[in-house]
Amino acid sequence: MKPVCILVTGDPVPRAAAQRGQFADMIQRLAPPSAPWRTVDARADDLPAFGEIGGLVITGSAASVTERAPWMLGVEEYLRGAVDHGLPTLGICFGHQLLGQALGGQVAKNPAGREMGSVMYLEADADDVVSAPEARDYWCNMSHVDSVVELPPGAQVLGSTRLEPHAALRFNERTWGVQFHPEFDDVTMRAYIEERRDILLGEGIDPEQMLRDVRPGVAGSGVVLRFLELL
């Protein structure tokens, strides 16, 4: 099996990195130890040839797709090529948004506002990579301000949350995006809430209640494993 490339587009908040490592570390912990990986920093490294890898996982980031930074535009062009090549691809949070923008959709601030903490994912299609065999609806961990507000042509909505109508998308037969973080466990989620405490208070959100509501997000974490099983 060719390695699955993790395209790193950002870094976790310091509290989370100190406890759980980088995004690539968190993602790899969800897979069997034998799974082959290749990690590439999309902000600085040369992107791999499609024939060298078996699939792509694009990480989250504190950056915004709306910034249209040169490296983002380069990655978007690369992703369009990957999709045309038929390379299995999974975008997480910022990676989900980057795919949505690259394939003809639009990313902007979520009209419903910041979504953070453990939230209930409501499944619209029970037969897909994002589906958990043990439950149609499940808890997942979120941290985002932007959203894919306009879907690219042909994209299918797989699930939603109270504040996010496009919580999971299937862009085509081999390309998916999830707005939530399957790699976030309860420790990581709490670290993000603590890191954003002042921002949350400034927005009228109670971080203490959010901390009390944190769940492990185990069912959501299966998305990465089910994606790998397809390969």
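1. A nonpolar surface patch of about 310 Å² is formed by M1, L230 and L231. Patches are built from residues with over 30% relative accessible area and no salt bridge, with like charges joined within 9 Å and nonpolar side chains (Val, Leu, Ile, Met, Phe, Trp, Tyr) within 5 Å; the accessible areas come from the Shrake-Rupley method with a 1.4 Å probe, and for residues only the protein chains shown count as cover. M1 sits in the segment before strand 1 (4–8), and with a relative accessibility of 63% M1 counts as exposed, where exposed means over 50% relative accessible area, buried under 20% and partly exposed in between (1.4 Å probe, protein chains only).

2. On the basis of the model: this is a predicted model, in which local features need pLDDT of at least 70 and side-chain atom pairs count only at pLDDT 80 or more, while totals for chains, interfaces and linings use all residues. Residues are numbered from 1 along each chain as its sequence is written, and side-chain values use heavy atoms, with hydrogens and water left out.

3. The largest pocket holds about 360 Å³ of space and is lined by 22 residues, with S61, A62, A63, H144 and V145 lying nearest its centre. A pocket here is an open set of points on a 1 Å grid over the protein atoms alone, where a 1.4 Å probe fits, with protein on both sides within 12 Å along at least five of seven lines, and lining residues have an atom within 4 Å of a point; the grid points are joined across faces, edges and corners, and the volume is the space filled by probe spheres set on them. At least two lining residues come from each of helix 4 (94–102), strand 5 (106–109) and strand 7 (138–144), helices (H or I, at least four residues) and strands (E, at least two) being DSSP runs numbered from the N terminus. The lining comprises 10 nonpolar, 7 polar and 5 charged residues, with Ala, Val, Leu, Ile, Met, Phe, Trp, Tyr, Cys and Pro taken as nonpolar, Asp, Glu, Lys and Arg as charged, and the others, Gly among them, as polar.

4. In the second largest pocket there is about 270 Å³ of space, and of its 14 lining residues M116, S118, V119, R162 and L163 are the closest to its centre. Strand 6 (residues 115–123) gives the largest share of this lining, 6 residues, and the classes are 7 nonpolar, 3 polar and 4 charged.

5. Helix 4 is mostly covered, since 8 of its 9 residues are buried, including F94, H96, L98 and L99. Just after helix 4, G104 adopts a positive phi of about 115°.

6. The structure holds 11 salt bridges, a salt bridge being a side-chain nitrogen of Lys or Arg within 4 Å of a carboxyl oxygen of Asp or Glu. In one of them the side chains of E76 and R68 meet at 2.5 Å, N to O; E76 is buried, at 3% relative accessible area, whereas R68 is partly exposed, at 31%.

7. R114 and E203 form a salt bridge whose closest N and O atoms are 2.9 Å apart. R114 lies in the loop between strand 5 and strand 6, and E203 in the loop between helix 6 (197–202) and helix 7 (207–212), so the pair ties together parts that are 89 residues apart in sequence.

8. Salt bridges also link D11, D41 and R43 in a network.
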